[in-house]
Amino acid sequence: MATLRRLREAPRHLLVCEKSNFGNHKSRHRHLVQTHYYNYRVSFLIPECGILSEELKNLVMNTGPYYFVKNLPLHELITPEFISTFIKKGSCYALTYNTHIDEDNTVALLPNGKLILSLDKDTYEETGLQGHPSQFSGRKIMKFSSEESTMMSYFSKYQIQEHQPKVALSTLRDLQCPVLQSSELEGTPEVSCRALELFDWLGAVFSNVDLNNEPNNFISTYCCPEPSTVVAKAYLCTITGFILPEKICLLLEHLW
């Protein structure tokens, strides 16, 4: 019965909103981005903007490449040659591709050289390693990011493929936007919305959800939080792939 009760409960989540600015030397935005090692999708929305500058557009279109290596044995990541080529000379990110962390064996290589194994019970017992239970109970394809010529040549004996992130650019017209006051993240009735409401609204915009709450719309009844305002145009950009934190920090600096 306890298991059934847990299944009926909504999943726990934690959203923390902080106020800062790029010029503040104590701002944590760089640290938060740099320690979020694996990023699949990055989106940004610029109100009252119809076109990107050439500099920003070039940065957006050149966030890759990244690589898929099929059937890569795990021991390849702990050889002296690999450590010398990729770990000691910089940083390397790698992650098992197309696995479910709560039920499959998953491997992650952090840029500091730390190798993390998330194993199922049988595999863990077979390895004889000392570990501890994961918060999760849990295809041998690895996804990397590194210098093109080095990565392609080093793993040439395996099936390695180069991929470029997918970029979607669009201009939104007459976009209804919630009003947010940076001094009042909890919002003020009839003056500004809460930061959480802005977060939900951004998710809806990035997911191309209609915000008009029309009665005949059976897919979504979501509408823009109040108070709100309408901007004539806004530029939306979404980058999808294996995106390094360094690229996101650079994108943030250019957006600033």
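**Starting from one leucine**

With a relative accessibility of 8%, Leu56 counts as buried, because the cut-off for buried is under 20% relative accessible area. Keep in mind as you look around that this is a predicted model. Leu56 lies in helix α3. Setting aside neighbours within four places in sequence, Leu56 is in contact with Ile46, Leu251, His254 and Leu255.

The axes of helix α3 (residues 54–61) and helix α8 (residues 245–255) come within 11 Å and cross at roughly 165°. Angles over 145 degrees count as roughly antiparallel, and α3 and α8 are therefore roughly antiparallel to each other. Their crossing is left-handed. On the α3 side, the contact is made by Glu55, Leu56, Leu59 and Val60, while α8 brings Leu250, Leu251, His254 and Leu255.

Which of its residues are buried? In α8 they are Pro245, Ile248, Cys249 and Leu251. They cover an arc of only 160° around the axis, which puts them on the same side of α8. The buried residues of α8 pack against α2 (29–34), β1 (39–47), α3, β3 (93–96) and β9 (228–243).

Helix α4 (residues 80–87) can be read in a similar manner. Its buried residues are Phe82, Phe86 and Ile87. They cover an arc of only 75° around the axis, which puts them on the same side of α4.

Let us turn to the backbone. Where do we find cis peptide bonds? One runs from Gly64 to Pro65, with omega near 0°, and Pro65 sits in the loop between α3 and β2 (66–70). A cis peptide bond also joins Glu226 and Pro227, with omega about 0°. Pro227 has its place in the loop between α7 (195–206) and β9.

Finally, look at two residues with positive phi. Asn98 is not a glycine, yet its phi is positive, about 65°. Asn98 is found in the loop between β3 and β4 (106–109) and is partly exposed, with a relative accessible area of 46%. Asp174, also a residue other than glycine, has a positive phi near 50°. Asp174 belongs to strand β8 (residues 166–178) and is exposed, with a relative accessible area of 58%.

Terms used. Residues numbered from 1 in each chain as written. Predicted model: local features only at pLDDT ≥ 70, side-chain atom pairs only at ≥ 80, totals over all residues. Heavy atoms only, no water. Axes fitted to C-alpha atoms, helices over the stretch in contact; angles between N-to-C directions. Helix = DSSP H or I, 4+ residues; strand = E, 2+ residues; numbered from the N terminus. Parallel < 35°, antiparallel > 145°, perpendicular 65-115°, else oblique. Left-handed = near helix turned anticlockwise from the far one by under 90°. Contact = heavy atoms within 4.5 Å. Buried < 20%, exposed > 50% of the residue type's maximum accessible area, 1.4 Å probe, protein only. Arc of directions from axis to C-beta.
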